[in-house]
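Please read them alongside the coordinates.

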Amino acid sequence: MDKFRMIFQFFQSNQESFMNGICGIMALASTQMYSAFDFNCPCLPHYNMAYGLGILLVPPFILFLLGFVLNNNISMLAEEWRRPQGQRGKDPAVLRYMFCSMAQRAMIAPAVWVSVTLLDGKCITCAFCTSVPMETLGNASHLLLSPGEIQRVLAQIPCKEIYNGQELIANEVAVRYLRCISQALGWCFVLLMTTLAFLVRSLRPCFSQAAFLKSRYWSHYIDIERKLFDETCAEHARSFAKVCIQQFFEGMSTDLVAARCHLPRKTSEDAGEASKKLLGITDQGTMNMALKSWHRCKPPLHLHPPALPSGNGWAGEGQPAVHPSTPQRETAAYYSLV
């Protein structure tokens, strides 16, 4: 139990670890889905390839989209890409880094599905059973069958219980031939994905280390800033609701006294704490204006004394920065009574 708790805490440590855990769970889920999937080849000449390639390619595409949906950064990326310019510029390198990071994680589950499917060999056997080389593995001139009849017989190779072309080509020979090709493709795909992952994860920072660190830093900053903004808005909403409810009950004090209900009086400490959390925003219109101002013109990324917000954004735009005054030296004199 302690090990699971440690793993869960590691996944919750930051956004990147959380998404790595989600992608790992999706990869395991894809293997379980394939093992539980009942593969039934139609064994018809015009449907085998569509069914086999569909099982090979359609579920990975769905898993890829699901990886983007489960990634919390997709909404953050869309918001950063579509927001107005405002007082903060949009760095295309940061947006590319965020998109590439999400795409790499979303590709894990589809890659696992394709690898497992190719190594199993059922999809390739179903899709390409009509392409078995009869000149090498079978008897193409058996009973002078027409090409259409040969295709119909070969399409029944994945369905061993209804296959009746042992004189044309042995079922075990054809299945073994196609499964070997499928497994070879599967191992090549695994090697290719492993090599690409190694190149992306290890060699990319070596060529542009400064740009890579900058993009990664500001990507994390955008995520942390969004979380802090949501937490601040939630805290303000809680304080706002608390004050509204208290004012409602204070306005109903006459009815409460008539009903012999005594409402405890609010202490000055509670009032000061609530007003401090409200930060001067005490009505719905002002709060909506603050939210629109945050979306339209986010403050620039440099620390400066806070400025009062205006109707069109932040006040003090274009004014020179106020530098802190130089601290004055103070001299202390000591007198002793002798």
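1. Buried is used here for a relative accessible area under 20%, exposed for over 50%, and partly exposed for what lies in between. By that cut-off Cys126, with a relative accessible area of 0%, is buried. The model is a predicted one, and the remarks that follow should be read with this in mind.

2. On confidence: the protein chain has a mean pLDDT of 79, with 76% of its residues at 70 or more. In residues 312–338 the pLDDT falls below 50, yet the model gives this stretch 16 contacts beyond near neighbours in sequence.

3. How many disulfides does the model contain? The count is two. If the bonded cysteines of the protein chain are numbered in sequence order, they pair as 1-3, 2-4.

4. Cys41 sits in the loop between helix H2 (15–36) and helix H3 (48–70), while Cys126 belongs to helix H7 (residues 122–127). The pair thus links distant parts of the chain, 85 residues apart. Cys41 has a relative accessible area of 12% and is buried, and Cys126 is buried at 0%.

5. The other disulfide joins Cys43 and Cys159, with S to S at 1.6 Å. About its S-S bond the torsion is about 90°, so the disulfide is right-handed. Which parts of the chain does the pair of Cys43 and Cys159 tie together? Cys43 is in the loop between H2 and H3, and Cys159 is in the loop between helix H9 (147–154) and helix H10 (171–207), so the parts tied together are 116 residues apart in sequence. Both Cys43 and Cys159 are buried.

6. A further cysteine, Cys100, has a relative accessible area of 30%; because this value falls between the two cut-offs, Cys100 is partly exposed.

7. The aromatic pairs number nine. Among them is the pair of Phe37 and Phe39, which is edge-to-face, with 6.5 Å centre to centre and 70° between the planes. Together with Tyr51, Phe37 and Phe39 form one aromatic cluster.

8. Tyr217 and Trp218 also form a pair: the ring centres are 4.9 Å apart and the planes lie at 80°, so the arrangement is edge-to-face. Tyr217 is exposed, with a relative accessible area of 52%, and Trp218 is partly exposed at 27%.

9. The charged end of Arg82 sits over the ring of Trp81, at 5.8 Å from the ring centre.

10. Ile108 lies in helix H6 (residues 108–120). With a relative accessibility of 36%, Ile108 counts as partly exposed. What does Ile108 contact, leaving aside its neighbours within four places in sequence? The contacts are with Cys23 and Ala27. Between Ile108 and Met26 the C-alpha to C-alpha distance is 8.2 Å, although the two are 82 residues apart in sequence.

How values were computed:
Residues are numbered from 1 along each chain as its sequence is written. This is a predicted model: local features need pLDDT of at least 70, side-chain atom pairs count only at pLDDT 80 or more; totals for chains, interfaces and linings use all residues. Side-chain values use heavy atoms; hydrogens and water are left out. Helices (H or I, at least four residues) and strands (E, at least two) are DSSP runs, numbered from the N terminus. Buried means under 20% relative accessible area, exposed over 50%, partly exposed in between (1.4 Å probe, protein chains only). Contact means heavy atoms within 4.5 Å. Rings of Phe, Tyr and Trp (its six-membered ring) pair if their centres lie within 6.5 Å; planes under 30 degrees apart count as stacked, over 60 as edge-to-face and the rest as tilted. A charge sits over a ring if NZ of Lys or CZ of Arg is within 6 Å of the ring centre and within 35 degrees of the ring normal. pLDDT is the predictor's confidence in each residue, from 0 to 100. A disulfide is a pair of cysteine sulfur atoms within 2.5 Å.
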